[in-house]
Amino acid sequence: MKELRYHLTLTLMGEEKCFGPGPMQLLRGVERSGSLHQSASALGMSYSKAWNMIQALERQWGTPLMERHTGGRQGGGSKLTSAGQQILAAYEAMLAEVSACTETAFAAHFGEEFWNRFRG
C-alpha cells in the first residue's frame, strides 16, 4: 500500500439529516454569489434540488436560513439569514475541530510507528 488516508464526513442529525457537507457548500455559495441558482449550478445541482434541500433544512431547523428576493427590474437574489450564518459558522467550526482531532488520531494510530511494524 503506497498511502493510507481517511475520509471524514460530518453530518448533523435531527429527526433526519439536518446539515452536512452539501448544505454547507450550497449555503457558502449563496453567501458568495447572492444566488441560490448560481450556487446550485456551481455544485452541478439542479435549482429544484437545491430549493428542496433548503426547504427541508428550514423545516428541520424551524427557521428560515435564506432571505429570497424575487426578480424584476432589479433582479432577484438570496442571502443568508442570521440563523443561516450562525448554523453555517458553527458547523464549519465544529468540522475544523473534528478534522484536527481526527488528523491527530490518524497519525497516532496509523503513523510511522504503525508502518514500521510491517517493514523488515
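## The largest pocket

Strand β3 gives the largest share of the lining of the largest pocket, three residues. Helices and strands here are DSSP runs, numbered from the N terminus: helices are H or I with at least four residues, strands are E with at least two. The pocket itself holds about 150 Å³ of space. It is lined by 13 residues, and the closest to its centre are Y47, R68, H69, G77 and S78. The elements that give two or more residues to this lining are α2 (36–42), α3, β3 and β4.

What counts as a pocket? On a 1 Å grid over the protein atoms alone, a pocket is an open set of points with protein on both sides within 12 Å along at least five of seven lines, whereas a cavity is a set where a 1.4 Å probe fits but cannot get out. Lining residues have an atom within 4 Å of a point. Grid points are joined across faces, edges and corners, and the volume is the space filled by probe spheres set on the points.

## About the model

This is a predicted model, in which local features need pLDDT of at least 70, side-chain atom pairs count only at pLDDT 80 or more, and totals for chains, interfaces and linings use all residues. Residues are numbered from 1 along each chain as its sequence is written, and side-chain values use heavy atoms, with hydrogens and water left out.

## Salt bridges

Side chains of opposite charge can pair when their charged atoms come close. A salt bridge is a side-chain nitrogen of Lys or Arg within 4 Å of a carboxyl oxygen of Asp or Glu. How many salt bridges does this rule give? The count is four. One of them joins R28 and E31, at 2.0 Å from N to O. Both residues sit in helix α1 (residues 21–33), three residues apart, about one turn of the helix. R28 also forms a salt bridge with E92, where the closest N and O atoms are 2.3 Å apart. E92 belongs to helix α4 (residues 82–110) and R28 to helix α1, so this pair ties together parts that are 64 residues apart in sequence.

How open are these side chains, buried or exposed? Buried means under 20% relative accessible area, exposed means over 50%, and partly exposed is in between (1.4 Å probe, protein chains only). R28 has 22%, so R28 is partly exposed. E31 is partly exposed at 38%, and E92 is partly exposed at 24%.

A further salt bridge joins K79 and E67, at 3.9 Å from N to O. This pair links distant parts of the chain: K79 is in strand β4 (residues 77–80), E67 is in strand β3 (residues 66–69), and they are twelve residues apart. K79 is partly exposed at 46%. E67 is partly exposed too, at 33%. Shared partners join R28, E31 and E92 into one network of salt bridges.

## Aromatic pairs

A pair of aromatic rings is described by the distance of the centres and the angle of the planes. Rings of Phe, Tyr and Trp (its six-membered ring) pair if their centres lie within 6.5 Å; planes under 30 degrees apart are stacked, over 60 edge-to-face, and the rest tilted. The whole structure has five aromatic pairs. In one of them, the ring centres of Y6 and F106 are 4.9 Å apart and the planes meet at 50 degrees, so the pair is tilted. Y6 lies in the segment before β1 (12–13) and F106 in helix α4, 100 residues apart. Y6 is partly exposed at 33%, while F106 is buried at 19%.

F110 and F114 also pair, with centres 4.9 Å apart and planes at 70 degrees, so this pair is edge-to-face. F110 is partly exposed at 35%. F114 is buried at 17%. Ring pairs link Y6, F106, F110, F114 and W115 into a cluster.

## A buried leucine

L65 lies in the loop between α3 (47–61) and β3. L65 has a relative accessible area of 0%, so L65 is buried. Contact means heavy atoms within 4.5 Å. Not counting residues up to four places away in sequence, L65 touches L27, L57, E58, K79, L80, T81, A83, G84 and I87.

## Cysteines

A disulfide is a pair of cysteine sulfur atoms within 2.5 Å. By this rule there are zero disulfides. C18 is buried at 8% relative accessibility, whereas C101 is exposed at 55%.
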